[in-house]
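I opened this model to look up a few things and kept short notes as I went. The entries follow in the order I made them.

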Amino acid sequence: MPQTVRINLALQGGGAHGAFTWGVLDRLLEEDWIEIAGISGTSAGALNGAALKSGWVADGRAGARAGLRALWGGVSGLGDMRIPAWMEQFMPDPYFVARAIEFSPAFAFADTMSRAVSPYAYGPFYRNPLEKVVSAFDFGRVCDAAHGPELHICATRVRDGKVQVFTGDQISTEVILASACLPTLFQAVEITQPDGSTEAYWDGGYTGNPALFPLYDPRLPDDILIININPLERRDVPKSAQDIQNRINEISFNSSLLRELRAIDFVQRLIAKGKLEEGSMKNARIHMIADDALMNDLSVATKLVPLASVIGQLHDAGVAAAEGFLSDHGADLGHRQSLSLRQMFA
């Protein structure tokens, strides 16, 4: 068995596409030599992080996998989203599922309403559909500072547009709902501050998707594995109104991550040139697991509509992507960076 390697996880948000992250985590948790020391998560990444942490505190790796499975069963309304091998050949291609949802009258109507009607217009009839799923977490375990990975959750302050990172006993149902609060769909989540005042929050993806800086703490390892679910590149220029809006969403939700990666690249080059003393700043090693080809076939429709079939396929795609990463770069963990930031920003 390889020597134990401690890593941090950075979990992106992206609605129901977060089931891809579930698959990646499901596979990583099978490897006893990988120890997850810290997690920074936003939106769906926050839900995945909380499910992993709570399950880990309850029953180690098996508990973490069970917690993730329960989470996505709750999101889809079913019990177990993993697809048996014999059923895979009968599942519709995610591309056609995404197009079918996009062109359905119900989705078109809901999309139009979200742009024309404020979520505050529903008055006493308003309900956040994620509240039932999130409130099922055991927050005694999610907030446990003594066991399991260190968990950080990102949200955007509406008042000043800054990122706020919650950790430890700061994390609550409201914090996770705030991290996943798309402002055109959900009312801003208000959270009481230590001084008794309240702050309103929107989705953390606008300012940290996810934020990497909480993982720079000297106590945490240098390796940061980013699980990316918003494609960095798309093959074609979007032409339809929905495709344009979807790409705007992807670019805005990737921008904060790209800024942090550019800063890491800058620090790495300064250290390499001897301009910074070794140890004066975190010399993070960055890795990434993604499946841009799959995400190019999907869209905002499959982010917002948690179909059981697509969630199951995303899970299996995540397992496959993690398997490929471990085969190609597992030996890099703890030793060298596998993501070329120079090439990314060339």
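Predicted model: local features only at pLDDT ≥ 70, side-chain atom pairs only at ≥ 80, totals over all residues.

I looked for a bend in helix 8 and found a kink of about 35 degrees, centred on S255.

Next I checked the length of helix 8, which covers residues 241–272. With 32 residues at 1.5 Å a residue, helix 8 should span 46 Å. The C-alpha atoms at its ends are 45 Å apart, which agrees.

At the N-terminal end I found S240 as the cap, with a side-chain oxygen 3.1 Å from the backbone nitrogen of D243. After helix 8 comes G274, and I noted its positive phi, near 75 degrees.

Is W33 buried or exposed? I list W33 as buried, because its relative accessible area is 11% and the cut-off for buried is under 20%. W33 sits in the loop between helix 1 (18–28) and strand 2 (34–42). Its side chain makes a polar contact with the side chain of E31, at 2.7 Å. I also looked up P2: W33 and P2 are 31 residues apart in sequence, yet their C-alpha atoms are 6.1 Å apart in space.

W202 belongs to strand 6 (residues 198–203). I list W202 as partly exposed, because its relative accessible area is 32%, and that class lies between 20% and 50%. On the surface, W202 forms a nonpolar patch with V158 and Y206. I noted about 230 Å² of accessible area for the three residues together.

Note on methods: Residues numbered from 1 in each chain as written. Heavy atoms only, no water. Helix = DSSP H or I, 4+ residues; strand = E, 2+ residues; numbered from the N terminus. Expected span 1.5 Å × (residues − 1). Bend = angle between axes of the 7 residues up to and from the residue. Polar contact = N/O pair within 3.5 Å; in protein donor to acceptor, adjacent residues only side chain to side chain. Patch = residues over 30% accessible without salt bridge, like charges linked within 9 Å, V, L, I, M, F, W, Y side chains within 5 Å. Areas by Shrake-Rupley, 256 points an atom, 1.4 Å probe, with all protein chains shown as cover. Salt bridge = Lys/Arg side-chain N within 4 Å of Asp/Glu carboxyl O. Buried < 20%, exposed > 50% of the residue type's maximum accessible area, 1.4 Å probe, protein only.
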